[in-house]
Amino acid sequence: MAIAAFFASHWLLAVFFQSFFHHRYGAHRMFSMSRAWERFFYLGAYVVQGSSFLDPRGYGILHRLHHAFSDGARDPHSPENHTNVWSMMWATKREYDRYAHHGEQPEPRFMGGLPSWPAVDRIGQSWASRFVFMGLYTAFYVTFATAWWQYLLLPVHFIMGPVHGAIVNWCGHRYGYRNFALPDKSRNSLVVDMLCVGELYQNNHHKYPMSPDFAARWFEFDPTFAVMRVLAWLGIIEFGAHVQRMRLTERAIARAGEAGAPQACEAVQPEESAGLSDDAVPVTELG
Ligand SMILES: [Zn+2]
Ligand SMILES: [Zn+2]
């Protein structure tokens, strides 16, 4: 029971911080918060992501590249460019490493407004820190595990961030349904996404990248947005004036689908269209 509770908490907290802080705040700047709250959530991300802490700056650059070149040759993690999920994960890691340690710089348009705290990034990405967290997870299992097979979950704790990234990037561009016809392969994998707290509404998100609510239809539910509404009500975050609305009526969804790029246009290379619909521009305008 303790192991199940620990696994579920670590899973949900880690993916929530990735979605809320790295993705919606860092990469997209859908909302603002005070410097003190930014530091609070930055440290929180380090603690809950632990051994697989992702530098928000490196994550943000990769994610902006993903939006600009979605499913094209320069997409850092498209299933279109790989035959299996392991090869995609390895390529994503290599691309992440290029930017995450303040090494290479991408084009300036992908750089603006990314949160950065070099001391936390340095410590969080050090092997010493990663091994300390792995030791803590192992100690918890040694103390509370009641069957040998429970140890099979331990490696997932070690690489929790990349596991979430792989699920979202592989499934979200391969399995599920589409509300909007787009030039990329993005899909909504789940109707109620409790597994990745809203991140699996990739098709909705690629259509309206600046909508803080990733759910578009009456039966879809985005848990991270529900938490964000509470944080906004408490005055901890403030939604920007440039955010988009995506909650649409069924009729509007049908209209948007007809007006968007038809499915037959999937052969158009995203690079040629820059992968950017009018709606997608704000993410790179920040630069
Ligand atoms: Zn995507
Ligand atoms: Zn995004």
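Modeller: Helices here are DSSP runs of H or I with at least four residues, and strands are runs of E with at least two, numbered from the N terminus. This is a predicted model. By that definition the elements of the protein chain run α-β-α-α-α-α-α-α-α-α-α-β-α-α from the N terminus on.

Colleague: How many helices and how many strands does the protein chain come to?

Modeller: Twelve helices and two strands.

Colleague: What span does helix 3 reach, and what is expected?

Modeller: Helix 3, residues 56-68, reaches 18 Å from its first C-alpha to its last, and this is close to the 18 Å expected at 1.5 Å a residue.

Colleague: What makes Ala166 partly exposed?

Modeller: The label needs a count between the cut-offs, which are 12 or fewer for exposed and 20 or more for buried. Ala166 has 18 C-beta neighbours inside 10 Å, so it counts as partly exposed. Ala166 lies in helix 8, residues 160-171.

Colleague: Which residues is Ala166 in contact with, leaving aside its neighbours within four places in sequence?

Modeller: Val85, Met88 and Met89. Contact requires C-beta atoms within 7 Å. As for Thr92, 74 residues from Ala166 along the chain, the two C-alpha atoms are separated by 9.0 Å.

Notes
Residues numbered from 1 in each chain as written. Chains lettered and ligands numbered in written order. Predicted model: local features only at pLDDT ≥ 70, side-chain atom pairs only at ≥ 80, totals over all residues. Expected span 1.5 Å × (residues − 1). Contact = placed C-beta atoms within 7 Å.
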